[in-house]
Amino acid sequence: MHTRTLGRTGPAVSALGLGLMGMSDLYGPADETESVATIHAALDAGVTLLDTGDFYGMGHNELLLRDALRGRNREKAVISVKFGALRGPDGSWLGNDSRPEAVKTFLAYSLRRLGTDHVDVYRPARLDPAVPIEDQVGALAELVRAGYIRHIGLSEVGAETLRRAVAVHPISDLQIEYSLLSRGIEADILPVARELGIGVTAYGVLSRGLLSGHWTPSRELSAGDFRGHSPRFQGENLDRNLALTDALGKLAAGKGVTTAQLAIGWVAAQGEDIVPLVGARTRARLAESLGTADVALTADDLAAIEAAVPSGAAAGDRYAAAMLDHLDSEK
């Protein structure tokens, strides 16, 4: 697999990363044995970037990753961990905590759950408005100097926060949603990230399944699947979004690739400083995503994709109103 570098100061990673959240949380039940097999298949295919969060399944996702890496060469895995999202025992979202003492506490627990002595990229999951970003990054910088983390990343923050953060310590990458249906970073955030030498790890590249080519209006969701409350998956919004997917699918068929591969390929084609994260939960879906490596998009292809799924064409918000305070981007 080809590699890309996370910004000017970050590690070299596979050109496609694996996001593990859905193996533990928010997308309904997952099979643990298949999840571990999928991580193994990714590693065997040359995927090095593995993205998790300490709040995914309230620690379950880190424990799952520990099990998957047992017996493997730890140095061949680039582990990216998000921290700071607070959750109740019922799974509710309670805010974010990035106080310096909390940062160090969260990391101590993550290191134990992961069974490792360091995390490669450590990042607050969302901006904690009660703690200046300078204090958050300062605490992370102490952990870099102590050898517990290798690189500092950020997640879902705005351009001004990036400027303030990088003035304290180099930032390897910004993890943020970016897809054909979610292009809000293009106006301000992406240009500033590039100016500052900060890479982008793009999650949601298939818009949580809408751009996969596998979604149908009649699909029934389990009680634990948050997409059942997402505006983009409701009523007329869903119909309009799936119409965009159908248009993309026609272009994909013309190139002899799948809809998902074309959607992922579009994100990858937006710059060498962008690493798409795919949330494959099974080996079959992973294999499809890995096929993106064989998708070469010409200028004409990109223009056709833009015409089929124009910027701003998505119907509905990314999250339900009740989740916006904890999960949406910095305002």
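I began with aspartate 294, which lies in the loop between helix H9 (283-290) and helix H10 (299-308). I took helices (H or I, at least four residues) and strands (E, at least two) as DSSP runs, numbered from the N terminus. The model is a predicted one, in which local features need pLDDT of at least 70 and side-chain atom pairs count only at pLDDT 80 or more, while totals for chains, interfaces and linings use all residues. Residues are numbered from 1 along each chain as its sequence is written, and side-chain values use heavy atoms, with hydrogens and water left out.

Is aspartate 294 buried or exposed? Its relative accessibility is 71%, so aspartate 294 counts as exposed; the cut-offs are under 20% relative accessible area for buried and over 50% for exposed, with partly exposed in between (1.4 Å probe, protein chains only). I also looked up its distance to glutamine 261, 33 residues apart along the chain: the C-alpha atoms are separated by 9.1 Å.

Helix H8 (residues 259-268) is mostly covered, with ten of its ten residues buried.

I then checked arginine 208, in the loop between strand S11 (199-203) and helix H7 (235-255). Arginine 208 counts as buried because its relative accessibility is 11%. Its side chain makes a polar contact with the side chain of glutamate 177 at 2.8 Å. A polar contact is a pair of N or O atoms within 3.5 Å; within protein, one must be able to donate a hydrogen and the other to accept it, and residues adjacent in sequence count only if both atoms are side-chain atoms.

Last, I examined the helix packing around H2. The axes of helix H1 (residues 32-44) and helix H2 (residues 60-69) come within 9 Å and cross at roughly 55°. Axes are lines fitted to C-alpha atoms, for helices over the stretch in contact, and angles run from 0 to 180 degrees between N-to-C directions. The contact is made by Glu32, Ser35, Val36, Ile39, His40 and Leu43 of H1 with His60, Leu64, Leu65, Ala68 and Leu69 of H2.

The axes of H2 and helix H3 (residues 100-114) come within 8 Å and cross at roughly 40°. In this pair, Glu62, Leu63, Leu65 and Arg66 of H2 meet Ser110, Arg113 and Leu114 of H3.

How values were computed. Contact means heavy atoms within 4.5 Å.
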